[in-house]
Amino acid sequence: NDAASRMRRGLFCVVMLVHASPAPAVDTPPLVIPRGTLVQTSTEATGRLRMVDLNQLMAAAVAADPALARGKVTLVNVGAADRDGDPIYRFVTARKTKVIFPGGIKVIGYECNQEAAQRLRLSRPFVDVVSMCVNSSNLVADMLRRNVPTLFPVLKIDIDSVDATILDAVLRHFKPLVVYAEITWEFPPPIDFALVEVGPPANFHPGSRGCFGMSLSMASRIFRRHDYRIAGAGALNVLAVGPALAPVVAAVPSDLWFWFQFVADGYFQTHYFAPAAWPKLEKPIQRAERAERRHTKGRLNASPARVFGENVSLYDRVHRAMGFDGFDSAKTYLPIRTMDRRMRTLAQTIAAGCSSQGGKYMLAVGDRCCAPQWVGDDPRCVCSLAAES
């Protein structure tokens, strides 16, 4: 009928007008990469980058949001052994801290070792000690049960175990302003490594035998996933800040290569040993480190850092021709350099460290995880932090 015909013509015109309309212009700003900060080193002494100070970060956070300092604030210390160098204990006992948080501070400290937990109760009465071996599920549940606020000042994780799974789980539920996380420096960027799951307690020896912790790249991947950025590194830890404090550290480099160049490598600072080295390392680890400094062979060869050599070489040349004729070529790619050889040796070293512990681990570069060229069909290599039991 005429009405239906007019309706069809009207719809056609509407559709034609929609398709004919130009897309609105998007005013995207040009790419800007921060100019490199001049850093004082032995050969470059004309500039200096000051280390990020936790008190300055907290003062800036409270200045931006005074509500953060109302009442008693909570800090969470996962791996709360009684150490004077612990950043949380240094922060709590500093004079400036009492000015920033006049209502006081409550520290919840999780410690797996019962003897260490008892010592902590006696030496630091301001810590609410929780004697518990944590994993990603029971830690979050306990923090929720204790009414830890979503936003709190400082989180520290240092357990020489499944640090990566715990860091990711906590940041899925809570938003601490500052995070300290322990890493192992034996894996240079861009290698993602993490212990994801441990075997029976009788087989796992945190801090003394191999296959533990997470790499710098893995920590960065987790932080970036939750909108945090690395703003400092030293000893065995990195410091990261959330979005609220990102402007405060805008001048501080966050790229991994920058921070990797200032830290001790696995040659002199490691407690990652494969089983073949264990019989020689029943004495304190410091003895092995002193032996390594004297270039004694055969002690720390099981360290993952050994795979890359003293100059941290990542690639091996395998072919000198062009790898392809062009993007429209029908020929397959021919590698002229590869990381696969070193990654395969690295995977074997990791597997040796994990074998007697029954653990699972993650090993990845970019978007390749547990590549068969590296690990074969090893079921212990997993690609999800949720694999932890």
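Is D378 buried or exposed? The legends below take that up and then visit other spots. This is a predicted model, in which local features need pLDDT of at least 70, side-chain atom pairs count only at pLDDT 80 or more, and totals for chains, interfaces and linings use all residues. Residues are numbered from 1 along each chain as its sequence is written, and side-chain values use heavy atoms, with hydrogens and water left out.

View 1. D378 counts as buried because its relative accessibility is 15% (buried means under 20% relative accessible area, exposed over 50%, partly exposed in between, with a 1.4 Å probe and protein chains only). Look for D378 in the segment after α12 (372–375); helices (H or I, at least four residues) and strands (E, at least two) are DSSP runs, numbered from the N terminus. The D378 side chain reaches the backbone nitrogen of R380 at 3.0 Å. Leaving aside residues up to four places away in sequence, D378 touches A351 and Y361, where contact means heavy atoms within 4.5 Å.

**View 2. An open sheet of 3 strands.** Here the strand order is β6-β11-β12, with antiparallel pairing; two strands pair if DSSP finds at least two bridges between them. At the edges are β6 (191–197) and β12 (368–369), each pairing on one side only. Strand β11 (residues 360–365) and β6 are joined in the antiparallel sense over 6 bridges, and K360 in β11 is the bridge partner of E197. Helix α11 (residues 340–354) lies across β6, β11 and β12, and runs at about 165 degrees to β11 (axes are lines fitted to C-alpha atoms, for helices over the stretch in contact, and angles run from 0 to 180 degrees between N-to-C directions).

View 3. In α6 (residues 136–145), the buried residues are S136, L139, V140, D142 and M143. These residues sit on the same side of α6 because they cover an arc of only 165 degrees around the axis, the arc being that of the directions from the helix axis to the C-beta atoms. S137 and R145 are exposed on the other side of α6. The cover over the buried residues of α6 includes β1 (73–78), β2 (105–111), β3 (127–131) and α7 (163–173). After α6 comes N147, with a positive phi near 60 degrees.

**View 4. V129 in strand β3.** V129 lies in β3 and counts as buried, at 11% relative accessibility. Although V129 and Y110 are 19 residues apart in sequence, they are 6.1 Å apart in space, C-alpha to C-alpha. Not counting residues up to four places away in sequence, V129 touches G109, A117, L120 and R121.

Key. A polar contact is a pair of N or O atoms within 3.5 Å; within protein, one must be able to donate a hydrogen and the other to accept it, and residues adjacent in sequence count only if both atoms are side-chain atoms.
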